[in-house]
Each structure stands twice: as C-alpha cells, then as structure tokens.
Amino acid sequence: MATIELKQVEKRFGEAYAVKPMDMTINNGDFVVLLGPSGCGKTTTLRMISGLESVSSGIINFNDKDVTWLHPSERDIAFVFQFFALYSHMTCRENIAFPLRASGEEGAEIDRKVKRVAEMLRIEHLLKSRPGGLSGGDQQRVALARALVRKPAAFLMDEPLGALDAEFRETMRAEIKRLHLEQNATTVYVTHDQIEAMAMGDKIVVMSAAEIQQAGTPLEVYYDPANLFVARFIGSPGMNLVEGSYSEGKIKLGDANIYCVPQDWRASLDTTIGTGEVVVGFRPEAVQFSAQGQLGSSVYANDLHGSYSMLHLELIKDNIVNARADRRDRHQMGDSIKFDIDPEQVRFFDPKTEKALQKVAL
Amino acid sequence: MSRIRLETISKTFGEELALSKVSLDIQDNEFFVLLGPTGAGKTTTLRVIAGLEKQDAGHVYFDESLVDSIPPADRDTAFVFQQYSLYPNMTVYENLAFPLKSPLRNFDAADIDRRIKDAAEKLRITHLLERKTARLSGGEMQRVSIGRAIVRKPRVFLMDEPLSNLDAKLRESLRVELKHLQKTQEVTTLFVTHDQIEALTMADRLAVLNNGKIIQIGSPDDIYDRPASTFVAQLVGTPRINLFETEFAGGKLHSLKNALEFDATGLEPASKTLVGIRPEDISISAQGTFHAKVVLKEPLGVETIVHLQTEDNKLLAIVPGISHHQIGETVKFEVNSDRLHFFTTEGERIEAKGVAA
Amino acid sequence: MALRSPSAPKQDVVISTRVDKVGLRPALLRNFRAGLAVVAALIMLLPAVWMSMTAFKSRPDAVSVPPKVFFTPTLEGFVSLLTDRRQLSNTELEDYKQRTDLNWMDKLALKRGQAIIGWSEFPKHLRNSIIISVTSTFLSIFFGVLAAYAFSRFKIPGESDLLFFILSTRMLPPVVVTIPIFLMYRALGLFDTHIGLILLYTAFNLSFAVWLMKGFIDEIPKEYEEAALVDGYTRLQAFRKIVLPQAITGIAATTVFSFIFAWNEYAFALMLTSSAARTAPPSLPSRIGTGGVEWAAIAAGSLLFLIPAIILTFALRKHLLRGVTFGAIRKG
C-alpha cells in the first residue's frame, strides 16, 4: 500500500503540454478517480505514475521514495487496461498466475493465491478456459484478478469498464467498489464517465486541457463546482448555466426574466461582480415549478427517463435549461411554464474568469 | 411524410435468422424507435425499409404503395448512419448538396442553395459550410449528417444509432435537439438504438426487438410501466429492475427465505413467480416493513444508488439526493406495492387482475 | 462568452500513447535517430550520385583511377548516347573545323573527331518504354479497380478461389514462361509490337492491382456508397463520385508499383522485341561491347531512364506515403 505524491509533474511534447505541471497527493487506501474528456491528460498522468510514460519534469514519490525514473516493474504497481490485455495463449489461471511467476513464487503458494482471488471475483469456473472465448465482463474480471493477486502498492486502472456494454458496466462498477472496500488498496482510476467517477471515487480529480480543474469528494464537485467546466461536466445532464446582467440584487436573464438573488448571496455578488455579467448555475433537480414562479419559459422538449421525466425549457432564446420533473407531469412542446430555483442550490460564476463565486458571510 | 408498414418481414443471412416475421405500422410523423441489444435485427429492419437489403419474405409499404421492388434511390428515404456517412472528399456544403444534385431530383441551383442555408441554420452549422468534413468534430459531423437528411424533405428518416459514437454530453444535447427538430419538421422517423435512455426519451412509440423478433410495441410509458417480459423489464430502466423468485403460499408471495412478502390479490400465481421492483419504488424509511443491510452506496449527486442485502436477495434502491446511511448498517424499507411487476418463471408478464396498473 | 447547451470540450492538447524508454531522454534519442537516418540516406543515394556524375564526365574522366570528384561537366555522354556518328578522316576533320553551321552537338562530336549522321535508336526506345508503360499501367489500374471493387462489395461465388487464381499468375518465375510466350507471340504476330508488350505487362500487373486495390477498397466503409444510394444515385454514380475519390491513395500507390514494374521489365522486353517495339531496359546494355565501354553514355542513358519514374513518384508522393502504410493506419 502506498501514498502517491506528484510534485510539479508535467509532460510536454515539444511546445504542447499533455499535462501541465501538477501537484497531487493520493493517500494510502484512497480510491481516486481522474476524470475528464478525451485528450485532457488523465491517461498520460496515470501512465506517468505507472512509469509507462516518462515525465518531462517533476518528481513522483511512492511512500516518500522517489520513483520518477524507476522502470514500471520496479514500482510495485498493478495496471488494468481498457482492453484487458490478457495473454490469449494462456488459460485464465496462467494469466492470473503470471505476475506471481515473474516474482518467482512457489507453485503451491501461487495456486493458493490464484484460488483466493478467483473466489473473490467469482471466476473459479473460468480458470481453465482461455480468455478469447469469454465475454467482456468476464475478461475484465480475469484482468482484475491478475492485478489483485499480487497485493501491489497501488492499482492503476485505465478506463477498465470502457470496453464493456452498459449492463456489465453497472455490475462491474459496483463490484470494483466492493473490492476496494474490502481491500482498501490505493487505487487510481481513469475514466471519462462522470457517473462512474461519482459512484466509485472517494475523491475525484477533474481534468481538462492538461490541467486539474478541481479535486474533491464526489459531492463537492457535484454541489460546488469550482468553475464552469466542472459545472457542465459533472451531472447528467450538467448544471444549467445561464448568463445575465447583475445589478443590485437582480439578474436580468434575456428580455423577459428577472431573477432575484437570494439574500445570502448578495454580498458576494455586490463585491465581485458589482454591476455586470454573471452566470447563474443550477442543477435540473433545483428547479421548483410553481404558478407563481419568478422565471418564465417555454417547453422545448419533454422526455421520459424512466423514474422521472426531464423538461427542456427555453429560458432565453437558444439557451435550453433542463429541469427534473415528476414523470406524471406532461407538457406539450411550446407550453409556457413558470418556476423558481431552490435558493439552497443556486450557484454563481464570473463569466470572465469562469470561476465560481464564494458565498461571503454578511 | 409517409406511413411505413412492414408486413411479416423475414430475412436470413446464410444460416442466421436476422428477422422473423416482423410487422410494424409506423404512423405519419411518428418518432418510432427500435430498441434492442446487438444482433437483435434493428439495423436489418432499417436497411430493408431503405431498400439496401432485400427481405426473403414479407412486404414493405410506404403509405399504400408496395415498394418491395423499388431500388433505394427511388424510395426517397434519408439514412443517417452511425458513422462514416459524410463524404470525406467534399466540403460540408457539397455534402449537403449531394442528395439534391442527384439526377433523380433535378433541383435548380438557387433552390439547392436556399435549402442548404435553411438546413444549416436549423442545425447551427452555417459557420461550417466551407469546411472539409474530415476537420469536423464528432458532434458536428453528426449534425451535418442530419442536415443531409433534412435538406430534401424525404418521406422518412432512417437513423441507425446516430448518437452512439458521441460522448455523453453531446449525446444528451443532440438528443433533445433531434427530438425538437423531428417534431417541428414533421417527418416520419425510424430511429435505431441499443441505448434505453435514448429510446425512452425520444420515442413516441418504440418496439423492443430481440433475436429478430418483436417482443413489445408501445409508448415509453407502456414499456417502462408494463414490460411484456423480464427481458424488456431488464432492458429499460437504470439501474436495472430488481428481479427475484418468490413462492406462493397462503395467498401471498414469499421470497425464498421469507425476507420479502407481497400481497397476491388479483393474481393467479403459479407456485413460483418472479417479482420485479424498480429501484425507485423501494424507499428506505424508519416505518418500513422489511429490513436489509446496506452493502454499498453510489452517490450520483442528484440521487444515490443504495445496494441492499436482505436475507435472500440483493436489491438496488434509489434514494434522492445524498444517502446518510452507513455501509454495514441495517435499514428498514418499504416497497411501492402498486408498482410491482410479476412474471412467470419463463419471463412472461402476469397482469394483475383488478389491480390498477 | 456565449453560454450554450454543453459544447464539446476544447482539445488542443495532443496525447501520445508512445512508450518512451525510461531513462533515455527523448532529445538525445531523437538526435541519434536523425543521425542514423542521414547515414542510411547517404549510403542509399551514393550509386545515384555516382551515376549522375558519370553522365556528365568526359570519356577519360569517366574511367580515371582514382575517380575524379571535381571535373568539368560535359554533355559528351549524352551526345554519344543519342546520336549515331562516323569517324572523320584527317582531311574531313580539317574541313569540318572550318564550318560555321555546326550546332553544339556537332561540336562535341568533333572533339572526338566524329561527325553526327543521325539520331540513335535510344530516343525511340525511350519513347516505346513510355508508351508501353503508361498504357499498360492505365489498363491494369482501370480493370484492377473495377475488379477489386466487385470483389470487395459483392458476394461472388467462389470469391476466394478466384482471388487465389488471380494471384497464382504471379507465382511462376517470369523467365519460365518466356519461351512459350515467345512462340505464341510469333504465331500471333505480336512479336516486336507495342500491343504485345502492353498486353503482357497488363496481364502481369492486373493480378497485383486487383489484390492491392481490394485492400484499399475494403478499407472504405460501404456506408458511404449506401448513403449515396439512398440519396438518389445509382451504384455506378456512387462508385464514380464517392469511391474513386477516396481510393485515390490506393490508386496512386498501385500506379507507381505497376508503372515501375513495366518500366523496368527486362527479360520479356529482350525476348519479345527486336527493334520497332524495343524498350529502354534491353536497349541500354546493348551499347556495351561496341568498341570499349562508354561509361558516360551508359550513365547518361540510365539517368534519362530514371527521370520519368522519379517524376511520377514525386508527383504522387503525397498519396504514396499514406498508401504504402495503408494496413498500419486504421480509420477512426
């Protein structure tokens, strides 16, 4: 088990940064998710931690020991790849035993460990078969077993569920999390799927454009996104963001709507924005429909999501906001509808810096 | 704009049965979704309608006319593919113009230009018109593909998983746009997908396919609330429906170790019955009649998925917002008995008599 | 800043999936690789440089030992390649030296005491080469692309057998069939005709073109044509407007390979032609052995012979680089 520390680690290709200098500490036993769209640098970061990719500059420590220039095999890590990377010419048992043979363990000891990990992942019945014939979910189970069999200092996982279909993904998501709860091994997990990140992570590191945008618990990044990118990226759909002009406690949204800022936010807006543009942010579930609602909009589309329905409302021309609604509320396209925003769940952003405003005590 | 009717269409590829007696009646201006797992026959159905594939048996009608022997070019359909449908050697403008320049149609240059500008505006791609298609992002490409379909106002749109190669955020916004567009353009649309959320959110009606057969046809509400089989019940809804075996005894259904018990009034239960409970129909509360241990929590922000372990089953429940229950804690919970689903052990739905659906 | 519904995140950062050797710093590695490439290029280019230099050397310079690196360039080699000359007697020589109507070629010949009596056979042979190579390349590409398209897109009974049969025509070493073909050609009146060699080269290149082009066309997703079919075009129109422009890379690669084969072919050209349809490859060596080897003339001939192939390759190099690696790069 290890604490992993990145100090000013960066990766450059010529002039272009794949990862801008970053500091990050992953505590012993933490499940940390690196989350971001493709090309944001999350996989490169993971590969630098593993040693599969060299750093351009900076230092990587495992338990205060500098491993920056150590070969991957000397770092005591286990890597799980998106496409399983199982050896097709070996049986599953041989695949799982492979890392143990590399470290020269006894035959009986290997058997015992393989058996234990196979039980844990419920793949005992697969041990004799070759990975080629297995389903994606089973292949990834075997790949996980190969990683788990060895008790490495850290598990590094690169979108391990990305190649599975939706059904398996949900099951495996819970399974990996359960394994983590049992084993408590330091895990760094890369994904572009924010639902996966929210569901699994102790801590989420949101990355974009080669930089860390925000690091925090799932609920912190969900309820208090640090900037517009995180607000948009987290949540399905993301936070509704509407730009308007602020002055003296009121925000003018488009031509028709005036939004009164909750009292406890006024001081913050008065000092940071004064008079000018501000972005109002609220999650779809923060919309409260009422005939007396202060905001008016028209229904752009309305759809069933299963247990609830989602109303897409045109608040300002070309700016659609999403609102979670009871599935029994049905509205026709073009209907006008009034609503309020839950004052506890409204957030504000400065459109120039794209950063979230902080509430200040009066 | 047309009504599309399929009459007992069958199709085999070599030994493999792709479609088995598929009949569909798609209304004028309807947004109709074909939902099913890979290999269910959804795409084949679409290709038969387009004329790209010839059925072995059965007939295809557009309005009242039989089109079986009409080649694809003359059927006046527009096909949006999952990928690869833009011609990479042309600009966006040329791509949009391509179907209009077909020798079959003979639009004059001014008309072509007007239609392209019009479609580009609707899809907000005006700024891309001079761009080579290879330089577009995935979302832009799919917008252009849709544009190429709408420029010529075909009788029917056929869309084969057009959103599945896009990332989640884009998929969400394009889904809404597409639905809005379809309603404002009024074009009969057949949309193929394996994604249940896409199907539920977009469809006026949908057909669930599996192994070349239609399992159920209905509105999204029908499919979600009254799944015809365990297959459909498990296919729609996320997280998946809880499904477990019960035994009938003393007028009630009992789970195997009696952790759960349901009233069976109005049912004619066999000795064994499968019970389905959607995760949102389980509510954790101090007044609950059943109890279980919390084994895992997945906080998604808006709601939390709580994994419960009863004495005999594992159940998923959705709790709005943040769940404060600890892992390992024993909690009481309630099941919304109006919304239970019953199935035979073969997976067929059992309609409860006298119980309002 | 305009706020829209969620837009695509910016992706201005390039991520490489390359695994760097840990410890070897990238800059050092790059320099080392560049150095290796330069050395390799020098070794490869040396014969071509040598040949080009020889082509511009005078007769003594061309054979001097040690070889001259610095010399006065002259076109003597070209003149002796392209013309037929006769040796002038001493009296004629004096006479010639007085003449004022001599052009530069005559003057170069005069240096060796020779007078030009007409063009040599070589320009004609070079022209034959061009006619035969271009025509046969065109034909093999034309039929090759059509056949490859059919093989790629339609279900053809016995497809794999047919493809194997087509390839099998390349399995015999060509020399083995020269004699039968020679006899056949003589009987059919194809001996020493352009059409004869064109037919032969087309037959040879066709199998190659079909196989290569099938690979390229397989890579073009069939959805493109299907989209065109639904858009209101016939199969042939779809082929012409959609498939051909995308197959251009493959066509370029196949063209270069086919052309180079036809251009360089020696054995059949030697056996099946004598004069009228003789091509450049058998023509060049025939200059050896008539009164000492004229290295400058042969080098000049080789240089001229190289030029069309170089021009073609250069013209198509943009496509070629993508074409020859087609298997390695998969689209999206």
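Two residues are taken to be in contact if their C-beta atoms, placed from the backbone, lie within 7 Å.

## Basis of the description

This is a predicted model, in which local features need pLDDT of at least 70 and side-chain atom pairs count only at pLDDT 80 or more, while totals for chains, interfaces and linings use all residues. Residues are numbered from 1 along each chain as its sequence is written, and chains are lettered from A and ligands numbered from 1 in the order in which they are written.

Leaving aside neighbours within four places in sequence, A:Ala147 is in contact with A:Ala78, A:Val80 and A:Phe155. A:Ala147 lies in helix α4 (residues 136-148) of chain A, where helices (H or I, at least four residues) and strands (E, at least two) are DSSP runs numbered from the N terminus. With 23 other C-beta atoms within 10 Å, A:Ala147 is buried; a residue is called buried if 20 or more other C-beta atoms, placed from the backbone, lie within 10 Å of its own, exposed if 12 or fewer, and partly exposed in between. The C-alpha atoms of A:Ala147 and A:Val205, which are 58 residues apart along the chain, are separated by 23 Å.

In chain B, B:Ser173 belongs to helix α6 and counts as buried, because it has 21 C-beta neighbours inside 10 Å. B:Gly139 is 34 residues from B:Ser173 along the chain, and the C-alpha atoms of the two are separated by 9.9 Å.

Chain A contains an open sheet of five strands in the order β15-β19-β16-β17-β18, with antiparallel pairing; two strands pair if DSSP finds at least two bridges between them. Because β15 (287-289) and β18 (319-325) of chain A stand at the edges with a single partner strand each, one side of each is left without a neighbour in the sheet. Neighbouring strands of this sheet are turned by 50° against each other on average, direction ignored.

Within the sheet, strand β16 (residues 295-304) of chain A and strand β17 (residues 309-316) of chain A pair in the antiparallel sense over six bridges, and A:Val299 has A:Leu313 of β17(A) as its bridge partner. Helix α6 (residues 168-185) of chain B packs on this sheet, where it touches β16, β17 and β18 of chain A, and its direction makes about 95° with that of β16(A); axes are lines fitted to C-alpha atoms, for helices over the stretch in contact, and angles run from 0 to 180 degrees between N-to-C directions.

## The sheet of chain B

An open sheet of six strands in chain B has mixed pairing and the order β6-β7-β8-β3-β9-β10. Its edge strands, β6 (77-80) and β10 (213-218) of chain B, each pair on one side only, and the twist averages 15° from one strand to the next. Strands β7 (residues 156-160) and β8 (residues 188-193) of chain B pair in the parallel sense over five bridges, with B:Met159 standing opposite B:Phe191 in β8(B).

## Helices of chain C

Chain C has 15 helices and two strands, and buried residues make up 32% of its 332 residues.

Helix α9 (residues 194-219) and helix α11 (residues 235-264) of chain C pack at an angle of about 150°, with their axes 9 Å apart. Residues of α9(C) including C:Tyr201, C:Phe204 and C:Phe208 meet a set in α11(C) that includes C:Ala253, C:Phe257 and C:Phe261.

The contact between chains A and B takes 30 residues from chain A and 33 residues from chain B. On the side of chain A that touches chain B, α5 (166-183), α6 (194-200), α7 (218-223) and β16 of chain A each supply at least two residues, and the largest share, five residues, comes from α5(A).

Chain C has 18 residues in contact with 24 residues of chain B. Both α10 (223-230) and α11 of chain C supply at least two residues each to the side that touches chain B, and α10(C) gives the most, with six residues.
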